[in-house]
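Notebook open, structure loaded. I'm jotting down what I looked up, beginning with the sheet and ending at the ligand.

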Amino acid sequence: MQTVTLNNGVKMPILGFGVFQIPPEDTERTVTDALAAGYRLLDTAAAYGNEEAVGRAIRSSGVPREDLFVTTKLWIQDAPGEENAKRAFETSLRKLGLEYLDLYLMHQPFGDVYGQWRAMEQVHHEGRAKAIGVANFYPDRLVDLISNNDVTPAVNQIETHPFFQRTADQDVMREHGVQIQSWGGFAEGKNNLFTNPVLSEIGKAHGKSVAQVVLRWLIQREVVTIPKSVRAERMAENFDVFDFELTDDQMASIATLDTGSSLFFDHRDPAVAGQLGKRRLTD
Ligand code: NAP
């Protein structure tokens, strides 16, 4: 598997598997299928409610721990963020049944961000999170966090797909040594992504599906991607993207699809900050 090297030397697979919106009762079977299909990067979150099922699938798979790259995410914490985040980290590790995480992400740029980050720095220094990073940080918040803390986030996981390409944001991240990771690489199928004419035409030229073209486009941009599917045949399809290459012209045609806006929610929108920023997990 092709990897990227994070700013602390940790190697991360460029393609992994996300489990957002997979109900806990389906997650063990789904992750078992994903591991059998060859995925080694698993992306979950405390907020997804399925960490325990991910842990069960890992344990029953027989895949050695050192071959896996497991990410989970810290949900928004009230002050004192440092204390609360440490507790949340222990809860996630316990639910996953793991002794360490490969990557621990702050899920949202809300709550006691600085306290949360200090706790994350601490578990990183203890070796229990090999890398720490953030998600959903726009460049201004990211640079502020970097400028005022010891550890620079290794990763920023943000909405990135053909309709919201984030090239300028990626440039800022590159400048600061932060790896971009895409969430919603297929835009969850919004905007008729899977039948988009530009993407379909490129797919035809390579004998590949639209999904494979999108993943290949992200990989060629050095964007780590974590497609989600509950179907084994799609997991295999989404993994089969290393035997072709998009030409410069094809990359340029995909670039024309960018709308520059989120298809989900803008974290800079006061209504989103107000609503999402208030959500708390019950355990
Ligand atoms: P996504 O990967 O963009 O899209 C998933 C959708 O595409 C599902 O409906 C899936 O349906 C379908 N699909 C998958 N492969 C396909 C294929 N080959 N052909 C046709 N349809 C296909 O959406 P996502 O799950 O939102 O994003 C991926 C991961 O990013 C998540 O699972 C999560 O780990 C992470 N994420 C993070 C955040 C954050 O705030 N940090 C937010 C959202 C997501 P089936 O399942 O029925 O195949």
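**Sheet.** I started with the fold and found an open sheet of eight strands, in the order β3-β4-β5-β6-β7-β8-β9-β10, with parallel pairing. My strands (E, at least two residues) and helices (H or I, at least four residues) are DSSP runs, numbered from the N terminus. I call two strands paired if DSSP finds at least two bridges between them. At the edges I have β3 (17-18) and β10 (224-225), each pairing on one side only.

**Ground rules.** This is a predicted model, so I keep in mind that local features need pLDDT of at least 70, side-chain atom pairs count only at pLDDT 80 or more, and totals for chains, interfaces and linings use all residues. Residues are numbered from 1 along each chain as its sequence is written, and side-chain values use heavy atoms, with hydrogens and water left out.

Most residues other than glycine have a negative phi, and most peptide bonds are trans. I logged two exceptions. Alanine 79 and proline 80 are joined by a cis peptide bond, with omega about 0°; proline 80 is in the loop between β5 (69-74) and α3 (81-96). Arginine 166, not a glycine, has a positive phi of about 65°, and I found it in the loop between β8 (155-159) and α6 (167-176).

Where does the ligand sit? In the largest pocket.

I counted 27 residues around the ligand, with Asp43, Glu188, Lys228, Ser229 and Arg234 coming nearest (a heavy atom within 4 Å makes a residue near). The shell has 12 nonpolar, eight polar and seven charged residues. Helix α9 (residues 232-239) gives the most to it, with three residues.

Polar contacts next (N or O pairs within 3.5 Å). Ligand oxygen atoms are 2.5 Å from a side-chain N or O atom of glutamate 188, 2.8 Å from a polar side-chain atom of lysine 228 and 3.3 Å from a polar backbone atom of valine 19. Taken alone the ligand exposes 910 Å², and the protein buries 89% of that (Shrake-Rupley, 1.4 Å probe).

Definitions and conventions: A polar contact is a pair of N or O atoms within 3.5 Å; within protein, one must be able to donate a hydrogen and the other to accept it, and residues adjacent in sequence count only if both atoms are side-chain atoms. On a 1 Å grid over the protein atoms alone, a cavity is a set of points where a 1.4 Å probe fits but cannot get out, and a pocket is an open set with protein on both sides within 12 Å along at least five of seven lines; lining residues have an atom within 4 Å of a point. A molecule sits in a cavity or pocket if more than half of its atoms lie within 2 Å of its grid points. Ala, Val, Leu, Ile, Met, Phe, Trp, Tyr, Cys and Pro count as nonpolar, Asp, Glu, Lys and Arg as charged, and the others, Gly among them, as polar.
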